[in-house]
Every structure is written in structure tokens, then in C-alpha cells.
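Here is a short report on one protein chain. It starts from a single local feature and then widens the view.

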Amino acid sequence: MIDKSTLQTTTCYHCGNECEPHVHETDNKDFCCQGCKSVYQILSQNQLCSYYNYNDHPGATRNRTDKRFDYLGEPSIISELIDYTDKEVTIVTFYIPHIHCSSCLWLLEQLNKINPAVHYCRVDFLKKQLNIRFDHKQLSLQQLVGLLYDIGYEPLISLQDLIKKQNLPQKDNLVLKIAVAGFCFGNVMLLSFPEYFGIPLHDVAFKHFFGWLNIAFSIPAVFYSGRGYFVSAWQNLRNKVLNIDFPLALGIAVLFGRTIVEVITRTGAGFADTLCGLVFFLLVGKFVQKKTYHHISFERDYRSFFPVAVHVVQDAIEKPIPLSQLHTGHRMVIRHNEIIPADAILLKGEAMIDFSFVTGEAVPVNKTLGEIIYAGGRQTAEAIELEVIKPVSQSYLTQLWNNEAFTRSQDNRMKTFSERVSKYFTIVLLLVAFGSLAFWLPTDLGRGIAAFTAVLIVACPCALALSTPFTMSAALSIFDRNLFYLKNTGVVEQLAAIDTIVMDKTGTITNGDNNNVVAVGNMSSYHKQLIYSACSNSIHPLSRMVCNHIGNAVSKLPVSKYSEIPGKGILTEVDGHRLRIGSAKLVLSGEAEESTDLTKVFVLIDDLYLGYFAIAHHYRDGLDKVSRLDETYKMFLLSGDQDHERFELVRFFKHAGSMLFNQSPQNKLDFIKGLQLYGGSVMMVGDGLNDSGALKQSDLGIAVTDDVNNFSPGSDAILDGRSFEKLPAFLRFAKDTVTIIHISFLISLTYNLIGLSYAVTGNLSPLIAAILMPLSTVTIISFTSLATHFAAKNKKLL
């Protein structure tokens, strides 16, 4: 057996990482974590985890874990931990602090092969979260945790807010790395001043002593603060991927190696100042990037991310409140097609819940009174009332925005500029470096090596690595300030690449206005009470307009057999009467309707036609500004309504064939597919109701919302209706943001070309490197920050 005290300096046999004190040893080979050890055993035995014998005993756990996790058999504790459960499956998310590397990730995502009762596992490496879907009839939560414990990945279980727990170590660790790198950078700069100004020292020994001190300060900067870049570069190389971390790690390694050689051989002062400065600025950039990630992550700040509301009943009065104010004990009203924002108990109504956002299963599940309904389900029947039992921040809905269920098959289009460029940048960098070495090698070996290392030092893409996070951080804050919420930073670049805009009509370019609704026909007050009771279950804009017209003071009658056909209308029974409310095709069985310039909502009660509600739409403020986008974009209007408003809309959509009416949700989706087949990069702007398919099919989907819970996970961005008129400014600002990133890359490239002119000759001095590296970094940071804010002010977004 290997002496564990010697393992601090060994490397992992499987992944090559430096081993830590908790290292495991197998077959005289050292492993840095349980994942690497297990993967080695799996690969060497060509059998998945035969070491644990779980395939022979599905659902079994080792006896030594039974008592340790006895508390997980208590139903009250289980209910606090799980995200979702039904008759067949349970979903739970654990925070596992021992996730260490790609081997850990691979092993944990193979739990379904270790135990067949596990259906699905997904690891979020950055947050060290493991999301598991399992069959609770074959495997209890206690046994699942025991299984994780046995393979070396015991989850950290706490009934407090796990989000704060799991973010704290990572955040503090990065801050500590920045502090160490900054401390080393400051001291090395101080010790290097004599070299900068050519100040002669009275004793040459002091000069060499300062050199050794610089090496001493460089060691923690490289092996502690900069270690992550080496790990990332190595893991990507093993996967045959070249990303920006490879030239960064190579530059750090060359700077450190050349500094040691020059100090030991007394041929120079080395590049310790440049090295420590590089690591410091890179970590600052990573900190900004993490801040940006936290900012756009729903589960960390859902209150500011989604400008949506939920209706609650207080003192027998229904009113909307911001989602951030929804708390335990609130009685909320969820209508047809709305998503349940928090775990709650069903108090009233028939619940037919579509949990496809959570489980992928689209068949609605019937829930009975008093039963718990988990967040993330979408109500597909009548309006229901529920009592909130868990805050929104602790419900499964907080993970939906980034859930794998909403990952588009075409999401590789979201690669950022730096990701696309880094691969080619690395190849060119290596070609220039090896070319310099080959040029000088036949005549001067020392000069060739000096040129080779100098190229790697000067061309290290520090500024390129910093430009994107700083620019995107500033851009996202400006978008958020203007009530436009993007799913991730890649959406900014996709927004800039759009060349075709498709818009829905009702609820998107129009909004409700009570004064624009007129009831035509023979409808008594009782009939209107029936209509109100039916329409109050829907969140469609036309239903909301009808309800507002009738008045909220009307008492609701019991509703049964409620169904809503997208793009057509409502079929239901209210107080024993059969109602059809909606389009002429649904209500009048396709009979011709009277020509008018108004939208109509027809009413049929017990097969008796009673008339209709005529609605003159009020268009959103700023639609005229948005319509002028047709000068630079192809613009289309897709509406499920009749073409009554075609004459009114011609002034906004001027080109022939740009308006299509009578479009079903499937028609909209197919139309966008057709545009994409002809090479269009399509942005769909809808209200998230009947447009969910089109939003997901488009290259960029924007859901417009006002004051109701109109959450559409299939979209890439959410636009508050109050900022609709700013859409042209958002598009221009996105283009400016991408241009700023491109210009910053050109600035970085200019610095590199200046430095390379010195580097290829083999005469790069530490002073030039010390000037170019921080100067280029400061220039990039200053330029991106100032240019982004200037662009925002120019577009009147600040």
C-alpha cells in the first residue's frame, strides 16, 4: 500500500489531476477522487460497477448505511426534500460537494446502469447538483442516498435553502484565488521596479534575491490561483477539444518556466510580474462572468428575472400580486394553461395537470381535492384554487428555465464569438510559435527557444478572454433595467443575428381595453354570468377582455367538463348549461359571419346562438416604431383571428403577403419552419399562449407578458409589455454589443501583433511584456464597459 502522507505530490492515474488528501489507491495506482477510481475499475473490468454488485441486487443498499439515513424514511422529511412525485416516479435534486472532475460526472450519470430503478440522472457540474428521476416503488429515497454514499458521493442534505449553501464555497474559493493572485501581483510589481527603470543595485546579490522572491510569489499564483486553467485545458484536450483555456494555460506555463530558467541561469529577471498580472486579471474576468451567470439564473434571482404575477384570493377578492410576494398560505387561482409557480394543495376545482415540463410525460394527471400539486405543472382544465405550502424559491419551478426538457436540438447555434474564435486563435498561435522556433533553430538554438516562448507569452489571449464577460455583463444589466429578460448570454448574439421577425397579434401587438368591448345580441344577466364563469378559467387575452367587460363583481357558477381548443375557443358546462364561446368556426359550425372590422367572440348556450362580443383592439404603444423595422428585417404577422383588422393593420405591415390570418398554432410553427428552410434566422414574438410551439421552433423566441402568470419555458427571452416599443432599440443594442466584442478582439489582436514583432526576433524583454499585458487588459476592460454604456445611452436605454 502507498503511504498516504506522500500523496500530496502524486497525480491521479485516470485524469492526471494533482491528488488530494482524500485520494483512493487501487492496484498500486493513485486516484484523486472516487469517480476516477470507479471509472478506472469499470474500464479495466469492462463491466459497469461490478465492484458494487448492484446489478445483482436492484434496490439494495449496504447495511452500514441503513441506520445513518433512517431519518429519510419519515414522510414529512421526504416531502421537504423531493421536487416532484406521482404514482410512478419521484424527482429529487441533491447538492453533492464531492463532485470533482469529468469522471465524477460520468459515473453519477450512469446510476441508471448501477441500479435500474433510477430512470435518469443529470449533473450540473458548476453548481455540483445531481438531479435524479427514480421509481420510488423499487428504490426508496433512503436507499438512493445510501447508494450515493456507497459509491463515494454522499449528498449534503439540509432542509434550508440549498442554493445559498452550494454557492458559498465556490464564490469564496474564487474570491480567495483572486486575493492570492492580487497579493502576489502587487508584491512582484514592487520587486520589479528596479528592472523597469534600470536602477542599478549596489549589490548584485540583491537583484538575484529579488528574482528568487518573484519565483516564490509566482508559485501560489500558478499552482493555486491558476490551477483551474490547467485542469480545464487538460480535460478538453483529452476530449479533443480546443478552447480558450488551452492557450491561457500554455501562456501561464511558459511564463512560469521561462521565469525560473532566467532567474536560475542569471540571464534575466523573468516574467513574474506579467505572469501574476495575467492570472489576476483572468480571475477577475471569471468573477465577472460568474456574477453574470448568477444574475441570469432563475433559481438565484427569480424575482427580478420574471416580471410575472399570480392571482390570489384575499378577502373574497381576486387580485394579481408579483411572484416575489407569493408566500406560504396564499390562496392562488390558476387558470387554464397557466403554470403552477409553487408547491400547493388543491382546494377547489378539477385539476388536470400537464407535468411534461417536469417529467416529459404529456398526458394530463387528475388531482383530487386536498392533494399536493408540485410546481411546474400546467393546468389544462378549468380554473382551480390552491393553497401555497412551499415558497417559490424552494419549488421545482425554480429550475425549469434551465431544465434539460427545454434544451433545443439546435442550441449549438448559441456559441459565442469567443468560443468560435478561440479554436482558430489557438491553431494560429501554435503555428506562429513553432514557425519562429523552426526559423531560428538552424542558426541559434537559444534564440529559437526565446522566440518560441516569447510568442506564447505575448499572444496569450487574456484580453479576448475578458472582452465577452465584461461586455455581456454590462449588456444584460441594461436589458434587465429595461424589463427585457434574456435566458443566457448567447441570446444577445442570436438577437443580433436575426433577419426575420414574426409576430402574433392578440396579446402581443394588442392589449386589453374595457372600453373597446361591446356585447351584441340577446344576452341576459344570467347568460353573462354563465359566460363570465366560463371565460374566467382562461388566460387568453380575448377571454380576459370579455371578463373585464362583464365585470369582476359577478359571482362565479360551478364549472364542469372544461376544455379550451387553442386558436378556437372554450367548450364547457356551467351550472348545468352547455357553452361554446370563441370563433365562428367553433360556435357557428363554420357558418359565414357578418363582415366587420371588429374581432368577434361568439356565444352559444345549450345550442342557442345568443350573439357575440365585438372587440376593437387597442394596439400597443410604440407599434408604429416597431413596424418600421421592416426597413431592415423581413416582418410577418401571424394571427389566429379573422382578417377583420387587415385594413387597420396595413399601416403597420405594409408589404403584400406579410399578414396571415386564421392561423392555428400548428400553422404558425410550420410557417416558421418554412422561413428557416429558406435560410432565415427567425425571431418569434408571441404571448406564450397559443404560440408556445412557434416560440420553441424559432431561432429566438420572445414571450410578451403583462400582469399575469404567462411563463413560457420554451422561449429564450421575456419582454414586459411596457417595454414593447423598445424592441427596435433592443435589436440595435444587441448588434452594438456584438460589434463591441468584435472591436475588442481587434484591439487585442493589434496588441498581439505589436508584441509579436518583438517576440519572433527572440528579443522580447520583461519590460515590454510587463507593459503590453496589463495595458491591453485595462484597455479592453475600459473599452467594453464604456462602449456598452455609450451604446445604451445612444439607444435611450439609460
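The model is predicted.

Helix α22 spans residues 665-677, 13 residues in total. From first C-alpha to last it reaches 19 Å, close to the 18 Å expected at 1.5 Å a residue.

Which residues of α22 are buried? They are Lys668, Leu669, Ile672, Leu675 and Gln676. These residues lie on the same side of α22, because they cover an arc of only 120° around the axis. An α-helix has 3.6 residues a turn, so residues three or four places apart point the same way.

## A patch on the surface

Elsewhere, Tyr424, Ile427 and Leu431 form a nonpolar surface patch. Together they have about 330 Å² of accessible area. Leu431 sits in helix α13, residues 417-440. Is Leu431 buried or exposed? Leu431 is exposed, because its relative accessible area is 60%, and the cut-off for exposed is over 50%.

## The whole chain

The protein chain holds 25 helices and 30 strands. Of its 798 residues, 54% are buried. Among contacts with a separation of 6 or more, 66% join residues 24 or more positions apart. The accessible surface comes to about 34,400 Å². Carbon and sulfur atoms account for 57% of that surface.

Terms used. Residues numbered from 1 in each chain as written. Predicted model: local features only at pLDDT ≥ 70, side-chain atom pairs only at ≥ 80, totals over all residues. Heavy atoms only, no water. Patch = residues over 30% accessible without salt bridge, like charges linked within 9 Å, V, L, I, M, F, W, Y side chains within 5 Å. Areas by Shrake-Rupley, 256 points an atom, 1.4 Å probe, with all protein chains shown as cover. Salt bridge = Lys/Arg side-chain N within 4 Å of Asp/Glu carboxyl O. Helix = DSSP H or I, 4+ residues; strand = E, 2+ residues; numbered from the N terminus. Buried < 20%, exposed > 50% of the residue type's maximum accessible area, 1.4 Å probe, protein only. Contact = heavy atoms within 4.5 Å. Expected span 1.5 Å × (residues − 1). Arc of directions from axis to C-beta.
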